[in-house]
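Please keep the model in view while reading.

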Amino acid sequence: MTASPTPETTSLVGQNRSKKLRKIVKPGKPIAKTIWLTGHAISLCCGFSYSLFYFTRSRNWISWILYKFTLFGVLLAYSISIQNQYSIKSLPHWSALISSDNFQYLLLGTFWIFNRNSFFKILPFLIISLLQLSQNFKIQSILKFEKKLSILALYDELFLFVLLTFDTLLMRGTSGYGLVIYSLFMWLKLLQSEDTRYFIYDNIKKLDALMSKIKNEKVQKAWRKVKKFLSLKQANFEQKYL
């Protein structure tokens, strides 16, 4: 989901009196990697601390600070990932940049700073930070659960979409703006990832009965469009690959 902080470069190397193209892996700059690790560590520590306040319903100014610092850590980590993925001096066209998972999550994390606090908004970031730190320090006891943790992140993203929809209908805070931005984020993931489309398509069939009970016409119209889009994409995928 995130890019490694170690970029790869190509160099000409003389070997056996002839020049051959060899791929040389250079380690990332120590400062950049330190910032990357610090960002994930801040995100993970503050995020789990915030969760204690969230689930014990003792929300106060301390929990507010912890939530903001969680997302601040996200901004640090993903900024370095993007820098190493593309190089700040030669960023790609905006269409290529916005198709990057790193950039999408960076934008989403930035938006969540100014939106209503929720543990479910930061859970995918916590899972990513946990896996990234585990890969860096080779913590096999956590890495063996990588697949299950990744599926948990996908379920959380789907649940968050439903949660924002209900919060918008109940007019809670700035949930309406959150739903619009999050819908754009999910739409990009649906356009670019076959795995995400299949996962959401499978679960949307389970949610269909629940969503059909909502009487709001705008919600029903949007729901029909989502189902139609996913059905077409899934049919094309099955025809092409199955």
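## Terms and overall architecture

A cavity is a set of grid points where a 1.4 Å probe fits but cannot get out, and a lining residue has an atom within 4 Å of such a point. The structure described here is a predicted model.

The protein chain contains 10 helices and 2 strands. In sequence order, its elements follow the pattern β-β-α-α-α-α-α-α-α-α-α-α. Of the 242 residues in the chain, 38% are buried. Among contacts between residues at least 6 apart in sequence, 62% connect residues at least 24 apart.

## The nonpolar core

The largest nonpolar core comprises 48 residues, and Tyr78, Trp112, Phe125 and Tyr182 have the most contacts inside it. At least two core residues come from each of α1 (30-55), α2 (61-86), α4 (101-113), α5 (119-137), α7 (146-169), α8 (175-192), α9 (194-211) and α10 (217-241). The largest contribution to this core is that of α5, which provides 9 residues.

Apart from residues up to four places away in sequence, tyrosine 182 touches Leu108, Trp112, Glu157, Leu160, Phe161 and Leu164.

How many cavities of 30 Å³ or more does the structure hold? There are 2 of them. The largest has a volume of about 50 Å³, and its lining consists of Tyr105, Leu108, Trp112, Phe120, Lys121, Pro124, Phe125, Asp156, Glu157, Leu160, Tyr182 and Phe185. Two or more of these lining residues are given by each of α4, α5, α7 and α8. Helix α5 supplies the largest share, with 4 residues. By class, the lining holds 9 nonpolar and 3 charged residues, with no polar ones. Trp112, Phe125 and Tyr182, named above for their contacts inside the core, are also part of this lining.

The second largest cavity has a volume of about 30 Å³. Its lining is formed by Leu154, Glu157, Leu158, Met186, Thr196, Phe199 and Ile200. Helices α7 and α9 are the elements that give two or more residues to this lining. The lining residues divide into 5 nonpolar, 1 polar and 1 charged. Glu157 belongs to the linings of both cavities.

## The largest pocket

The largest pocket has a volume of about 490 Å³. A total of 23 residues line this pocket, and those nearest its centre are Phe161, Thr165, Leu179, Ser183 and Ala222. Phe161 is also one of the residues that Tyr182 touches.

Which elements each supply at least two residues of the lining of the largest pocket? They are α7, α8, α9 and α10. The lining is made up of 18 nonpolar, 4 polar and 1 charged residues.

Is serine 134 buried or exposed? Serine 134 counts as buried because its relative accessibility is 1%, and the cut-off for burial is under 20%.

The side chain of serine 134 reaches the backbone oxygen of leucine 130 at a distance of 2.7 Å. Beyond its neighbours within four places in sequence, serine 134 is in contact with Ile139, Ile142 and Leu143.

Methods. Residues numbered from 1 in each chain as written. Predicted model: local features only at pLDDT ≥ 70, side-chain atom pairs only at ≥ 80, totals over all residues. Heavy atoms only, no water. Core = buried A, V, L, I, M, F, W, Y, C linked by side-chain atoms within 4.5 Å. Buried < 20%, exposed > 50% of the residue type's maximum accessible area, 1.4 Å probe, protein only. Contact = heavy atoms within 4.5 Å. 1 Å grid on protein atoms, 1.4 Å probe; cavity = no way out; pocket = protein on both sides within 12 Å on 5 of 7 lines; lining within 4 Å. Points joined across faces, edges and corners; volume = space filled by probe spheres on them. Nonpolar A, V, L, I, M, F, W, Y, C, P; charged D, E, K, R; others polar. Polar contact = N/O pair within 3.5 Å; in protein donor to acceptor, adjacent residues only side chain to side chain.
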